[in-house]
Amino acid sequence: SIGAGFLYPLLGEMRTMLSSVQGFVAAAAIGDTAAMRAAATASGVAAARDLDPAMQQRLPQEFLRLGMNTHAAWDSLAMDVSSGMGTEQSLGRLGGIMGNCVACHQQFRINLEK
(Lines give C-alpha, C1' and ligand atoms only; values in the text may rest on other atoms or scores of the structure.)
Protein backbone atom coordinates (compact mmCIF):
# COMPACT_ATOMS: atom_id res chain seq x y z
CA SER A 1 0.00 0.00 0.00
CA ILE A 2 1.05 3.58 -0.59
CA GLY A 3 0.17 7.01 0.73
CA ALA A 4 -2.24 9.27 -1.12
CA GLY A 5 0.53 11.77 -1.90
CA PHE A 6 2.28 9.13 -3.98
CA LEU A 7 -0.93 8.15 -5.72
CA TYR A 8 -1.70 11.48 -7.42
CA PRO A 9 1.19 11.45 -9.93
CA LEU A 10 0.26 7.90 -11.00
CA LEU A 11 -3.37 8.84 -11.45
CA GLY A 12 -2.24 11.85 -13.46
CA GLU A 13 -0.22 9.62 -15.79
CA MET A 14 -3.18 7.30 -16.27
CA ARG A 15 -5.51 10.21 -17.01
CA THR A 16 -3.01 11.58 -19.51
CA MET A 17 -2.92 8.22 -21.28
CA LEU A 18 -6.71 8.06 -21.38
CA SER A 19 -6.80 11.57 -22.87
CA SER A 20 -4.19 10.46 -25.41
CA VAL A 21 -6.36 7.53 -26.45
CA GLN A 22 -9.38 9.79 -26.91
CA GLY A 23 -7.39 12.45 -28.76
CA PHE A 24 -5.67 9.91 -31.00
CA VAL A 25 -8.92 8.18 -31.99
CA ALA A 26 -10.73 11.47 -32.62
CA ALA A 27 -7.82 12.73 -34.75
CA ALA A 28 -7.58 9.44 -36.64
CA ALA A 29 -11.29 9.64 -37.46
CA ILE A 30 -10.69 12.86 -39.40
CA GLY A 31 -7.24 12.01 -40.72
CA ASP A 32 -5.42 14.67 -38.67
CA THR A 33 -1.97 13.12 -38.38
CA ALA A 34 -0.51 16.14 -36.57
CA ALA A 35 -3.09 15.77 -33.81
CA MET A 36 -2.54 11.99 -33.75
CA ARG A 37 1.18 12.57 -33.22
CA ALA A 38 0.53 15.19 -30.53
CA ALA A 39 -1.85 12.90 -28.65
CA ALA A 40 0.67 10.06 -28.71
CA THR A 41 3.58 12.27 -27.70
CA ALA A 42 1.68 13.52 -24.65
CA SER A 43 1.89 10.02 -23.13
CA GLY A 44 5.46 9.25 -24.15
CA VAL A 45 8.41 8.63 -21.87
CA ALA A 46 8.68 12.34 -21.02
CA ALA A 47 5.32 12.04 -19.22
CA ALA A 48 6.92 9.65 -16.71
CA ARG A 49 10.20 11.43 -16.06
CA ASP A 50 9.03 13.14 -12.87
CA LEU A 51 8.12 9.98 -10.99
CA ASP A 52 9.42 10.30 -7.45
CA PRO A 53 12.35 7.91 -6.79
CA ALA A 54 10.77 6.97 -3.44
CA MET A 55 7.64 5.94 -5.33
CA GLN A 56 9.69 3.86 -7.76
CA GLN A 57 11.10 1.90 -4.82
CA ARG A 58 7.63 1.11 -3.49
CA LEU A 59 6.09 -0.01 -6.78
CA PRO A 60 6.46 -3.55 -8.12
CA GLN A 61 9.16 -3.85 -10.78
CA GLU A 62 6.68 -5.43 -13.22
CA PHE A 63 4.41 -2.40 -12.80
CA LEU A 64 7.29 -0.05 -13.56
CA ARG A 65 8.45 -2.16 -16.53
CA LEU A 66 4.97 -2.31 -18.02
CA GLY A 67 4.47 1.42 -17.48
CA MET A 68 7.75 2.41 -19.13
CA ASN A 69 7.10 -0.01 -21.99
CA THR A 70 3.74 1.68 -22.49
CA HIS A 71 5.25 5.17 -22.48
CA ALA A 72 7.91 4.03 -24.98
CA ALA A 73 5.19 2.51 -27.19
CA TRP A 74 3.42 5.89 -27.29
CA ASP A 75 6.67 7.56 -28.42
CA SER A 76 7.17 4.90 -31.07
CA LEU A 77 3.62 5.39 -32.33
CA ALA A 78 4.15 9.16 -32.53
CA MET A 79 7.32 8.66 -34.59
CA ASP A 80 5.67 6.16 -36.91
CA VAL A 81 2.68 8.45 -37.50
CA SER A 82 5.17 11.23 -38.34
CA SER A 83 6.85 8.87 -40.80
CA GLY A 84 3.62 8.24 -42.67
CA MET A 85 2.10 5.18 -40.98
CA GLY A 86 -1.49 4.79 -42.15
CA THR A 87 -4.49 5.32 -39.93
CA GLU A 88 -5.55 1.68 -39.93
CA GLN A 89 -2.13 0.45 -38.89
CA SER A 90 -1.74 3.20 -36.28
CA LEU A 91 -5.10 2.32 -34.73
CA GLY A 92 -3.93 -1.29 -34.56
CA ARG A 93 -0.83 -0.12 -32.70
CA LEU A 94 -3.03 1.89 -30.35
CA GLY A 95 -4.94 -1.31 -29.65
CA GLY A 96 -1.67 -2.90 -28.57
CA ILE A 97 -0.91 0.01 -26.26
CA MET A 98 -4.37 -0.27 -24.75
CA GLY A 99 -3.66 -3.97 -24.20
CA ASN A 100 -0.89 -2.83 -21.83
CA CYS A 101 -3.38 -0.61 -20.01
CA VAL A 102 -5.84 -3.47 -19.62
CA ALA A 103 -3.10 -5.87 -18.45
CA CYS A 104 -1.90 -3.37 -15.85
CA HIS A 105 -5.37 -2.67 -14.50
CA GLN A 106 -6.10 -6.40 -14.31
CA GLN A 107 -2.86 -7.21 -12.52
CA PHE A 108 -2.35 -4.31 -10.12
CA ARG A 109 -4.36 -2.50 -7.48
CA ILE A 110 -3.21 0.43 -5.38
CA ASN A 111 -4.20 0.25 -1.76
CA LEU A 112 -3.94 3.47 0.21
CA GLU A 113 -2.31 3.46 3.61
CA LYS A 114 -4.52 4.60 6.44
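Student: Which way is the crossing where α2 passes α4, left-handed or right-handed?
Tutor: Left-handed, meaning the near helix is turned anticlockwise from the far one by less than a right angle (clockwise would be right-handed). Keep in mind that this is a predicted model, where local features need pLDDT of at least 70, side-chain atom pairs count only at pLDDT 80 or more, and totals for chains, interfaces and linings use all residues. Residues are numbered from 1 along each chain as its sequence is written, and side-chain values use heavy atoms, with hydrogens and water left out.

Student: How do the axes of α2 and α4 sit?
Tutor: They come within 8 Å and cross at roughly 165°, using lines fitted to C-alpha atoms over the stretch in contact, with angles from 0 to 180 degrees between N-to-C directions. That makes α2 roughly antiparallel to α4 (over 145 degrees).

Student: Which residues of α2 make the contact?
Tutor: T33, M36, R37, A39, A40 and T41, where contact means heavy atoms within 4.5 Å. Among their partners on α4 are W74, L77 and V81.

Student: And which residues of α2 are buried?
Tutor: M36, A39 and A40, with buried meaning under 20% relative accessible area (1.4 Å probe, protein chains only). They cover an arc of only 95° around the axis, which puts them on the same side of α2; the arc is taken from the directions from the helix axis to the C-beta atoms.

Student: Switching topic: what about α4 and α5?
Tutor: Their axes come within 10 Å and cross at roughly 165°. That makes α4 roughly antiparallel to α5, and the crossing is left-handed.

Notes:
Buried means under 20% relative accessible area, exposed over 50%, partly exposed in between (1.4 Å probe, protein chains only). Helices (H or I, at least four residues) and strands (E, at least two) are DSSP runs, numbered from the N terminus. Angles under 35 degrees count as roughly parallel, over 145 as roughly antiparallel, 65 to 115 as roughly perpendicular and the rest as oblique.
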